[in-house]
Amino acid sequence: MSAARSLEPELLDLRAADDPRARASRRDLVRINFVMRQQTIMAGLLRRHSRPRRLADLGCGDGRFLLGVARRLAPHWPQVTVLIVDQQDIVSAQTRAGFAALGWRCESVTGDVFATLPQLDADIITANLFLHHLDDLALQRLMRLAVQPTRGFLACEPRRSPAALLASRMVFALACNEVTRHDAVASVRAGFAAQELSGLWPHAGWTLREGLALPFTHVFSARRDAL
Ligand SMILES: C[S@@+](CC[C@H](N)C(=O)[O-])C[C@H]1O[C@@H](n2cnc3c(N)ncnc32)[C@H](O)[C@@H]1O
């Protein structure tokens with residue numbers, strides 16, 4: 001896709017946590033993450049790293065995405081603490097119990113990411129379908145804040161491509177509501193291509209990887225080089 005990134009507000013972000021349409025849209029996201037195989041892709045990125053003590057997921061929503069990732073990794077990674085970082089505090093008791101059943105601890109960190117990130121203590125940071133909410137200046141600011149004491153920064157985002165745009169217009173076939181139908185298209189237009197995230201990474205001494213994963217996902221990973 002030749003068009004530059006274009007950002008517009010996503011409807012889910014504008015709705016209260018207990019709004020029925022927002023709740024339904026978060027259920028839609030579970031299906032979209034399944035179709036895009038986001039949990040499998042993220043687990044694959046994480047397996048290239050050693051077990052973190054504390055893992056923070058930015059824009060984590062209700063935590064169901066991260067729980068699916070944790071289920072894939074817990075057999076090899078015992079006793080991880082996950083930080084569910086989101087502007088809304090919407091993690092259900094069931095999701096918390098899911099982490100506990102894996103032997104993982106789960107903490108909510110609620111607030112705007114730029115307010116909470118400086119206080120986060122996490123050795124790996126992840127983001128799924130979140131970075132595309134930010135313009136390039138905000139992304140660079142976030143990346144600057146994200147590196148202490150982190151050794152890995154991994155993201156699975158929408159790919160800005162004709163195939164992904166076409167698929168985003170067809171989420172009605174997954175019975176997605178009007179919030180999700182709007183946000184799916186907006187997300188692809190704000191998504192990433194080529195080496196756009198690597199170009200924004202403001203630090204030396206990190207190994208960067210970026211590219212297409214499956215048809216619709218754009219992955220980015222930054223790993224701190226050994227000293
Ligand atoms: C598209 S949803 C993705 C949720 C989750 N990662 C998933 O895959 O199900 C984006 C999330 O980012 C959160 N978010 C948006 N802007 C934020 C900000 N400035 N600070 C913290 N969270 C934010 C929203 O509340 C929402 O939960």
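How are helices α3 and α4 oriented to each other, roughly parallel or oblique? In this predicted model, helix α3 (residues 38-47) and helix α4 (residues 64-73) pack at an angle of about 50°, and their axes lie 9 Å apart. Because of that angle, α3 and α4 are oblique to each other.

**Packing of the helices**

The crossing in which α3 passes α4 is right-handed. On the α3 side, the contact is formed by Gln38, Gln39, Thr40, Met42, Ala43, Leu46 and Arg47, while α4 contributes Arg64, Phe65, Gly68, Val69, Arg72 and Leu73. Sorted by class, the residues in this contact of α3 with α4 are 6 nonpolar, 4 polar and 3 charged.

Helix α4 also packs against helix α5 (residues 93-101), here at an angle of about 15° and with the axes 10 Å apart. Since angles under 35 degrees count as roughly parallel, α4 is therefore described as roughly parallel to α5. In this pair, α4 passes α5 in a left-handed crossing. The residues that make the contact are Arg64, Leu66, Leu67, Ala70 and Arg71 from α4, together with Thr95, Gly98 and Phe99 from α5. By class, the contact of α4 with α5 consists of 4 nonpolar, 2 polar and 2 charged residues.

| Helix pair | Angle | Axis separation |
|---|---|---|
| α3 and α4 | about 50° | 9 Å |
| α4 and α5 | about 15° | 10 Å |

The side chain of Thr217 makes a polar contact with the side chain of Gln38, at 2.6 Å. Leaving aside residues up to four places away in sequence, Thr217 touches Met36, Gln38, Ile41, Cys156, Glu157, Arg159, Gly211 and Leu212. Thr217 has a relative accessibility of 0% and therefore counts as buried.

When residues up to four places away in sequence are not counted, Ala186 touches Ser6, Glu8 and Glu10. Ala186 and Trp77, by comparison, are separated by 109 residues in sequence and by 35 Å in space, taken from C-alpha to C-alpha.

**Backbone features in the loops**

Leu129, which is found in the loop between β4 (124-128) and α7, has a positive phi of about 55° although Leu129 is not a glycine. With a relative accessibility of 15%, Leu129 counts as buried. Leu214, in the loop between β6 (206-213) and β7, likewise has a positive phi, near 55°, and is a residue other than glycine. Where Leu129 is buried, Leu214 is partly exposed, because its relative accessible area is 42%.

Conventions: Residues are numbered from 1 along each chain as its sequence is written. This is a predicted model: local features need pLDDT of at least 70, side-chain atom pairs count only at pLDDT 80 or more; totals for chains, interfaces and linings use all residues. Side-chain values use heavy atoms; hydrogens and water are left out. Axes are lines fitted to C-alpha atoms, for helices over the stretch in contact, and angles run from 0 to 180 degrees between N-to-C directions. Helices (H or I, at least four residues) and strands (E, at least two) are DSSP runs, numbered from the N terminus. Angles under 35 degrees count as roughly parallel, over 145 as roughly antiparallel, 65 to 115 as roughly perpendicular and the rest as oblique. A crossing is left-handed if the near helix is turned anticlockwise from the far one by less than a right angle, and right-handed if clockwise. Contact means heavy atoms within 4.5 Å. Ala, Val, Leu, Ile, Met, Phe, Trp, Tyr, Cys and Pro count as nonpolar, Asp, Glu, Lys and Arg as charged, and the others, Gly among them, as polar. Buried means under 20% relative accessible area, exposed over 50%, partly exposed in between (1.4 Å probe, protein chains only). A polar contact is a pair of N or O atoms within 3.5 Å; within protein, one must be able to donate a hydrogen and the other to accept it, and residues adjacent in sequence count only if both atoms are side-chain atoms.
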